[in-house]
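Thanks, everyone. I will go through salt bridges, helix packing and a few backbone angles, in that order.

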Amino acid sequence: MQKSILILGACGQIGTELTLELRKKFGNEHVIASDIREGSESLMESGPFEILDATSYDAVEDTVMHYEVEEVYLMAAMLSATAEKFPERAWNLNMNSLFNVLNLAKEKKIDKIFWPSSIAVFGKNTPKENTPQHTLMEPSTVYGISKQTGERWCAYYHAKYGVDVRSVRFPGLISWKTQPGGGTTDYAVDIYIKALEEGRYTCFLKEDTMLPMMYMEDAIRASIELMESDGDKLSIRSSYNLGAMSFTPGEIARSISAVIPEFQIHYDPDFRQAIADSWPGSIDDSQARKDWDWKPEFNLERTTEEMIRELRNLE
């Protein structure tokens, strides 16, 4: 019998592609998408969809009971740059939605949870290169504080109540399918769009700002692989470090120029520079590789080729 999966925040940058991939894998009718607004045409037409506020326990519980949901992917969140503008709203969304699904699992109404954390849990005193799985964190953003707190609650609910919750610390994510969602690393999506539309881009980070990044296809695959892994082999119930590639705005610009020679980039750092400066430059994800055989497939060159090709196909 096929399991029933609920996606909370299905219309966001990750949620959209995750929903479509899960529907491809488990069948359209078995994957229920939900969000506070309607999503893309492909999302809405490919399977069940519910307008749902992830911060409402009763609403989430009703949906879980109605569809006999076994697994929940909680993708609803307010991202780093947007959260700095609306701190209390971000905290309420990011934390209350997590408590709702943790408590549903505690009450045995769902079996398994995927909840993404982020490199935003790290801070300026964290080792910048090959940031370890276990290290000093001290996040300095609302988003990072909420994610670090969420990690501790995930570990607590697993240890105290046996909740099967699984998580990864996503780096910056790059995708051609959905628009940027208010994150500091979103320049690495917008730069490709502007390169094709205008031939130039003004970057809100400095040229040499090194950050960990990942192509969305790898991120979706990592999420599903972790959820499909043998729980007895998982040693981390807070959140796994997850790595793929690291690069600077200058390096991504040069990779674009190799395909679009006339491309020009300018730098005008804003408040997001301070956020980026508090994050790692590269990630040690050896524990994920050991526990569930994680391995990325995309580097910068392949990412640039695919982004430009797919964006051109949309024109």
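Start with a network: Lys-3, Glu-71, Lys-112 and Glu-228 are linked by salt bridges. A salt bridge here is a side-chain nitrogen of Lys or Arg within 4 Å of a carboxyl oxygen of Asp or Glu. Before going on, the ground rules: this is a predicted model, where local features need pLDDT of at least 70 and side-chain atom pairs count only at pLDDT 80 or more, while totals for chains, interfaces and linings use all residues. Residues are numbered from 1 along each chain as its sequence is written, and side-chain values use heavy atoms, with hydrogens and water left out.

How many salt bridges does a search of the whole structure find? The count is 16. One of them joins the side chains of Arg-169 and Glu-151, at 2.8 Å from N to O. Arg-169 sits in strand β8 (residues 168-170) and Glu-151 in helix α6 (residues 142-161), so this pair ties together parts that are 18 residues apart in sequence. On naming, helices (H or I, at least four residues) and strands (E, at least two) are DSSP runs, numbered from the N terminus.

Are the two partners buried or exposed? Arg-169 is buried, with a relative accessible area of 2%, and Glu-151 is buried too, at 0%. The cut-offs are under 20% relative accessible area for buried, over 50% for exposed, and partly exposed in between, with a 1.4 Å probe and protein chains only.

A second salt bridge joins the side chains of Arg-221 and Asp-218, again listed at 2.8 Å, N to O. Both residues lie in helix α8 (residues 216-228), three residues apart, about one turn of the helix. As background, an α-helix has 3.6 residues a turn, so residues three or four places apart point the same way. Asp-218 counts as buried, at 0% relative accessibility. Asp-270 is partly exposed, with a relative accessible area of 28%.

Now helix packing. The axes of helix α7 (residues 187-197) and helix α12 (residues 300-314) come within 10 Å and cross at roughly 50 degrees. That makes α7 oblique to α12. Axes are lines fitted to C-alpha atoms, for helices over the stretch in contact, and angles run from 0 to 180 degrees between N-to-C directions. Under 35 degrees counts as roughly parallel, over 145 as roughly antiparallel, 65 to 115 as roughly perpendicular, and the rest as oblique.

Which residues of α7 meet α12? They are Tyr-192, Ile-193 and Leu-196, and on the α12 side the partners are Leu-300, Thr-303, Thr-304, Met-307, Ile-308, Leu-311 and Arg-312. Contact means heavy atoms within 4.5 Å. The classes are Ala, Val, Leu, Ile, Met, Phe, Trp, Tyr, Cys and Pro as nonpolar, Asp, Glu, Lys and Arg as charged, and the others, Gly among them, as polar.

Nine of the 11 residues of α7 are buried, so α7 is largely enclosed by the rest of the structure. Just after α7, Gly-199 takes a positive phi of about 75 degrees.

The other pair is helix α1 (residues 13-26) with α8, whose axes come within 10 Å and cross at roughly 55 degrees. That makes α1 oblique to α8. The contact of α1 with α8 has seven nonpolar, one polar and four charged residues.

Next, helix α9 (residues 249-257), where Glu-251 lies. Glu-251 is partly exposed, with a relative accessible area of 30%. Leaving out residues up to four places away in sequence, Glu-251 touches Met-210, Ser-246 and Leu-300. The buried residues of α9 are covered by parts including α7 and α12.

Last, the backbone. Most residues other than glycine have a negative phi. Asn-130, in the loop between β6 (117-118) and α6, has a positive phi, near 50 degrees. Asp-293 has a positive phi of about 60 degrees and is found in the loop between α11 (286-292) and α12. Asp-293 is exposed, with a relative accessible area of 63%.
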